[in-house]
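Thanks for making time, everyone. I have one structure for you today.

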Amino acid sequence: MRRTLILVGLTGGLFMLFGRANATELKVGDMAPDFTADSSAGAPVHLKDVLAKAPIVLYFYPKDDTPGCTKEACSLRDNFAAFRKLNATVYGISYDTVESHQDFIKKYKLPFELLSDHDKTIAKQYGANGLLFAKRMTFVIDKTGKIAWLNPSVDPSKHSAELQDALSRLK
């Protein structure tokens, strides 16, 4: 019996370490929660200020310069011309610092901004929060501020293609 209790405790702990969504789940059609975040570009990004310009891809990821996150970011980088053609603005977001984001961008020549959610409030609003790392999930937000598409369990190897498909349906 004691062994079972320990395993249950460990399992729950692992979900929290790697980001089990525990906030109210957002759905397609819901208004995207507004936020302001520090950006790798040096100026804060306020969601409501960038909405009218283009659809927003907001992708949460666990940590800069880790294998899955690097694969995901580089896939978006390699297909960035397609995102430009679809008039989309891409933001990656994790708990990492702005300085960590800047190093990650420089190392992999990423053509999009990364946002720092160091206090985890944005991840909580979007249901992407975990104790140590944000959950890997993505939202496409249309120009009106509504969630047009979401993927609560992103596969980094398919992410870019899924996003291109979702964005092409917005037109």
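**A buried ring and its partners**

Start with Phe139. Its relative accessible area is 1%, so Phe139 is buried. Keep in mind that this is a predicted model.

First, confidence. The mean pLDDT of the protein chain is 87. Of its residues, 85% reach 70 or more.

Now the overall layout. The protein chain has seven helices and seven strands. Read from the N terminus, the elements go α-β-β-α-β-α-α-β-α-β-α-β-β-α. The chain has 171 residues, and 45% of them count as buried. The accessible surface is about 9,100 Å². Carbon and sulfur atoms hold 57% of that surface. Take the contacts with a separation of 6 or more: 70% of them join residues 24 or more positions apart.

In what order do the seven strands of the open sheet come? The order is 2-1-5-4-3-6-7, with mixed pairing. Strand 2 (45-46) and strand 7 (147-151) are at the edges. Each has a single partner strand, so one side of each has no neighbour in the sheet.

Look at one pairing inside that sheet. Strand 3, residues 56-60, and strand 6, residues 137-141, run antiparallel. Five bridges join them. Val57 has Val140 of strand 6 as its bridge partner. Helix 7, residues 159-168, packs on the sheet. Helix 7 touches strand 3, strand 6 and strand 7. Its direction makes about 20 degrees with that of strand 6.

Stay on strand 3 for a moment. Ile56 lies there. Is Ile56 buried or exposed? Its relative accessibility is 0%, so Ile56 counts as buried. Ile56 and Ile141 are 85 residues apart in sequence, yet their C-alpha atoms are 5.0 Å apart in space. Setting aside residues up to four places away in sequence, Ile56 touches a list that includes Leu47, Leu51, Tyr91 and Ile141. Phe139, our opening residue, is also among the residues that Ile56 touches.

Over to helix 7. His159 lies in this helix. At 0% relative accessibility, His159 counts as buried too. What does His159 contact beyond its neighbours within four places in sequence? The answer is Tyr59, Glu72, Leu76, Thr138 and Val154. Take Thr138: it is 21 residues from His159 along the chain, and the two C-alpha atoms are separated by 8.8 Å.

Back to the rings. How many aromatic pairs does a search of the whole structure find? It finds ten. Take Phe35 and Tyr126. Their ring centres are 6.2 Å apart and their planes are at 75 degrees, so this pair is edge-to-face. Phe35 is in the loop between helix 1 (2-18) and strand 1 (36-39), and Tyr126 is in helix 6 (residues 121-126), so the pair ties together parts 91 residues apart in sequence. Both Phe35 and Tyr126 are buried.

Tyr126 has a second pair, with Phe139. Here the centres are 5.0 Å apart and the planes are at 70 degrees, so this pair is edge-to-face. Tyr126 in helix 6 and Phe139 in strand 6 are 13 residues apart, and the pair links distant parts of the chain. Tyr126 has a relative accessible area of 2%.

There is also a ring cluster. Ring pairs link Tyr59, Tyr61, Phe80, Phe83, Phe104, Tyr108 and Phe112.

Last item: backbone angles. Most residues other than glycine have a negative phi. Asn87 has a positive phi of about 60 degrees. Asn87 sits in the loop between helix 4 (80-85) and strand 4 (89-94). With a relative accessible area of 39%, Asn87 is partly exposed. Lys109 also has a positive phi, near 55 degrees. Lys109 is in the loop between helix 5 (98-108) and strand 5 (113-116). At 67% relative accessibility, Lys109 counts as exposed.

That's my tour. Over to you.

Technical notes:
Residues are numbered from 1 along each chain as its sequence is written. This is a predicted model: local features need pLDDT of at least 70, side-chain atom pairs count only at pLDDT 80 or more; totals for chains, interfaces and linings use all residues. Side-chain values use heavy atoms; hydrogens and water are left out. Two strands pair if DSSP finds at least two bridges between them. Helices (H or I, at least four residues) and strands (E, at least two) are DSSP runs, numbered from the N terminus. Contact means heavy atoms within 4.5 Å. Axes are lines fitted to C-alpha atoms, for helices over the stretch in contact, and angles run from 0 to 180 degrees between N-to-C directions. Buried means under 20% relative accessible area, exposed over 50%, partly exposed in between (1.4 Å probe, protein chains only). Accessible areas come from the Shrake-Rupley method with a 1.4 Å probe; for residues, only the protein chains shown count as cover. pLDDT is the predictor's confidence in each residue, from 0 to 100. Rings of Phe, Tyr and Trp (its six-membered ring) pair if their centres lie within 6.5 Å; planes under 30 degrees apart count as stacked, over 60 as edge-to-face and the rest as tilted.
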